[in-house]
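Reader: I would like to go through this structure with you. Could we begin with how contacts are counted?

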Amino acid sequence: MENMIDKKPPEEFERWVKEKWGSSKIPEGGVVPYHSSYGYKTGAWSAFKAVIDKEKCISCMNCFYYCPDSAIIMDENMKATCDKVFCKGCGICSKNCPADAIEMRRVTR
Amino acid sequence: MNTLAEITDVRINGRGGQGAVTASRLLAEAAILEGQYVHAFPNFGPERAGAPVTSFARISPEPFTEKTEVYEPLIVVVIDPSLLEDVPVAAGLKDGGTIVVNYDGMKENLVKYFEGIQANIFKVDGSKIAVEEIGRNVPNLVMLGALVKVTGIVKLESLISVTLNRFKGVLGEKNEVAIKRAYEEVV
Amino acid sequence: MSGIREVKGMTGDEAIANAAKLVNPDVVAAYPITPQTIIVEHFSDFVSNGEVDTSYIPVESEHSAMSACVGASLTGARVFTASASAGLALMYEILYVASGLRCPIVLAVANRAFSAPINIHGECTDQMVCRDASWISLFGESAQEAYDETILSFKIAEHPDVMLPAMFGVEGFIVTHALERVESLSKQQVEDFLPESRAAKYRFTPDEIMSFGSLVLQDYYMEIKRQQEEAMIKAYDVTKKVMEEFTEMSGRKMEVIEEYKLEDAEYAFISYGATAGNAKAVVDRLRSKGEKAGALKIRLYRPFPSLDIHEALSGIKAVSILDRSATFGSPGTILQSDLSTALYGKENVPTLHGYINGLGGRVLTLPEIEEIYQKTKEYHDVGMTTTLDWVGYRS
């Protein structure tokens, strides 16, 4: 399973969750720091994952912009890759790929 | 805070578009200029130009906190003579109060509208003065000129001052002339 | 030029607009509704004349107005808006968003009755029903108080211990459209009085990214709400302190409640808004007849000034609560319910007699208030501890 970037939530947020912070420690108004969403591995929700054929990929970046979970990453050759830790398998990238380079493959039985 | 402030209630009866509201406002502003205390407000309802409107000014030399309607005015100003037929302009007028009417006829003819009312009646041909001095039949401020002459509720200078502040340039000067003329001509 | 007091004739709405001009907020997003229209009309004149630096956002509804205000406030902007009755009701959803996100927005309310039937006149129900939205809430009696509370509200709301939105209201037409003597402040005085930097801990900046308004489940929602309550608790002392500073700056006494001849009084009126002014006038009339009457005016409604009220009412036998807000099927008027809880079980408290009056802008006349005084005395004498009446209507 590909996981291109080691995505971890900020340390303060991990402590917040682990120590179950109360009203006196939580930031005012419940403001959460950037990348707190990395703590929620939404990839575990899916029955399908996007599989991208890099030969067919034309680097248009449609999938990158459309992905609701920001689970598409452009690699060093500007080809799209799916971050399976966060891909929820919604299929929006596949539907919008003009080169038909993305296949939604079932990953559960 | 003062106890039992002596408040003079003025009611201005006019028609929508004639400037009754502006009149009560300027009267109040003139009073403020002299260091008096006021609560001046129009009567709000669904009206259009031509419908009878009333506006009020409550004036006192002492500070007061009450905010009620005016039920028994001491002074009534009638800006439009046609109101005499349509609206009970003297309703609630206190005994010994004053009415100033914009009227072009003889003062004796007014008495029939105020039968049974103990009031000092004054009249001035406000429309004529307005048309001749300002150029339009908008006699609201003209009537105030007559009002300050017969009641002395504010000084003429204060009224002129706030008028010139509100209406700049030629219009202000014309209003000043008209107000002074009404001051002289009211009977 | 600080210290020079200029006196002008202003209506309540004009006073609010002029005070807002001195505050010079960064953003105003508002939608017109009678009787608040004059506030935003005058203010938009100031914007187009360049007398203020405000970005004025004309929006399509009050819901959008408050939403725009929240967005602006989250960038750290100082935000002002105004509404009334149905408009306030339309933005009700976003009032909770504003306080939940800790945006110190200031909202001027021209208190107006709710439909149906349609009524455009003064009644305080619109602001009263927002008392649970975690907003600071103030009421004003006159154009002068409308002016002063505009400026005060910013300082209370933006205090780092508070950081909650604030609303203040004056009755529609009776105060908003009535001309009174108003002493204004100078621009310098207001600039010195209000804090320069916006003290919010978290705001959108280009340098740091964060999320506001996330989904929060059962495990964290209550903690974030508790933060608001703690801010409200602190807001009581903050308001008192800000009012003290204002009193010193302006020379006009501002306190969370106003006590009028209460020291030796036996029977008192409790009210807020323009009715309080009438109550004071009636106290004078009653005193001249030998009655030991007094009046208490509430300026700060949320947080509820329980301690100050309890102290002020010591020695009072019975109070007539003149409440210009509608509530139905309730054990007391809205103010009476709060008062009752504040005083329950305490020592030396008066019997409470609520009078719902003045709905739809009807004026409770001075003779009617005198009758209420007598009625309260009778209730007290026959041993009734709490009563609720509607007054001034035809049955």
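Author: Two residues are in contact if their C-beta atoms, placed from the backbone, lie within 7 Å. Please note that this is a predicted model.

Reader: What share of the contacts in chain C with a separation of 6 or more comes from residues 24 or more positions apart?

Author: Such residues account for 81% of those contacts in chain C.

Reader: Into which domains is chain C divided?

Author: There are two entries: domain 1 covers 6-250 and domain 2 covers 257-390 of chain C. Their C-alpha centres lie 28 Å apart.

Reader: And how many residues does each domain of chain C bring to the contact?

Author: Domain 1 of chain C contributes 26 residues, and domain 2 of chain C contributes 21 residues.

Reader: Which element gives the most to the side of domain 1 of chain C that touches domain 2 of chain C?

Author: That is helix 9 of chain C, with 5 residues. The elements giving two or more residues to that side include helix 6 (125-128), strand 6 (136-139) and strand 7 (166-171) of chain C.

Reader: What is the residue make-up of that side of domain 1 of chain C?

Author: On the side touching domain 2 of chain C, 15 residues are nonpolar, 7 polar and 4 charged.

Reader: Changing topic, how many helices and strands does chain C have?

Author: Chain C has 13 helices and 16 strands. Its radius of gyration is 21 Å, close to the 21 Å that the globule rule gives for 395 residues, so chain C is as compact as a globular protein of that length.

Reader: What percentage of chain C is buried?

Author: Buried residues make up 55% of the 395 residues in chain C.

Conventions
Residues numbered from 1 in each chain as written. Chains lettered and ligands numbered in written order. Predicted model: local features only at pLDDT ≥ 70, side-chain atom pairs only at ≥ 80, totals over all residues. Domains from an automatic or database assignment. Helix = DSSP H or I, 4+ residues; strand = E, 2+ residues; numbered from the N terminus. Nonpolar A, V, L, I, M, F, W, Y, C, P; charged D, E, K, R; others polar. Rg over C-alpha atoms; globule rule 2.2 N^0.38 Å. Buried ≥ 20, exposed ≤ 12 C-beta atoms within 10 Å, placed from the backbone.
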